[in-house]
Amino acid sequence: MRVNVLGVPSSAGAYCVGVEKAPAALRRAGLGDVLVAGGAEVMDAGDLTTRRWKPDREHPHVQNLGEEVASMRELADVASILLAEGELLLVLGGSCTVAFGVCAAVARRGGSPSIVYIDRHLDLNTPSSTTEGSLSWMGMAHALGLDGAASELVEATQDTAILEPSRLVYLGVDAATEWERDRVRDLGITVVPQAELTDHPRRAALAAWKALPTGPFVVHLDVDVLDFLDAPLAENVNGRNSGPTLAQLEPALSELLRHPDCVALSIGQLDPAHAVSDDTALPRLVAVLASAIAARQLTEAG
């Protein structure tokens, strides 16, 4: 099976600089070689434009919006070319807005994208519901076109919202604002909570997949879903002593990727500066990704 790798070295929508270095760090950790050793054919398409966070004092509640719009347009353009039947697109972010861009790429190819969003958070805030200003905390709100979202990003790649609520399923959530909980309830969005992912990883992933409509779907992994003490990888360091370990994540990811309708996996919010505290963290993540992709190959071969 061919895996098309694409880096999105952007922290424009993040909380600070750092996550733009993740694509290079994952490659240095041996991602390509480990995938090949697992039996995959790898085509590395390189990196898109590097974009770094900077304090946007003129737009404090929606920082670096123009950079994010440009990044999503670029990602949708390139990723739509790399999406191909029988192949898997692996997108290395960057901030979690990469999930928006990958869904836009699926839509650009004529599909109705669905996504399993593996994250500790819902990312359903908007510039009017939070003062944080980080678009990485608002990606799914803009994919859904929620009230209060920035129209420039909602319409960055098409005239209407990219996602329908029935095509968004969360896996691993344990933190949400009141605004986000209300949106989940009102829109009827499926959430498989963190406890299910931690205690029964494969079963939780299967429940998330079964909640999706038929058709192509994307898996997005925000590494802050992980227990930060097991894998100190995330920009957000608050996930200590909760969330799945990398070993617990692997069966869940394998369960999702083995389905032929899974067309892409994106990764977000990985800060290599935190990973230096444990020199096994990045290699273990790479091993988990390779194991999940190898499981897909076994399913196709069987």
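**Around the sheet**

Guide: Let's start at one pair: Leu90 stands opposite Leu265 in β8. Strands here are DSSP runs (E, at least two residues) and helices are too (H or I, at least four), numbered from the N terminus. Keep in mind that this is a predicted model, where local features need pLDDT of at least 70, side-chain atom pairs count only at pLDDT 80 or more, and totals for chains, interfaces and linings use all residues. Residues are numbered from 1 along each chain as its sequence is written, and side-chain values use heavy atoms, leaving out hydrogens and water.

Visitor: In β8, what is the bridge partner of Val219?
Guide: β7 and β8 pair in the parallel sense over six bridges; pairing takes at least two bridges found by DSSP. Within β8, Val219 has as its bridge partner Leu265.

Visitor: Which hand does the β-α-β crossover from β7 to β8 have?
Guide: Here the chain goes from β7 through α10 to β8. Right-handed means that, with the strands pointing away from the viewer, the path from the first strand over the helix to the second runs clockwise. This crossover is right-handed.

Visitor: How many residues of β8 are buried?
Guide: Buried means under 20% relative accessible area, with exposed over 50% and partly exposed in between (1.4 Å probe, protein chains only). β8 is mostly covered, and the count of buried residues is seven of seven.

Visitor: At what angle do α9 and α10 pack?
Guide: Axes are lines fitted to C-alpha atoms, for helices over the stretch in contact, and angles run from 0 to 180 degrees between N-to-C directions. Contact itself means heavy atoms within 4.5 Å, and residues making this one include Trp209 of α9 and Pro251 of α10. The axes of α9 (residues 201–210) and α10 are 8 Å apart, and the packing angle is about 35°.
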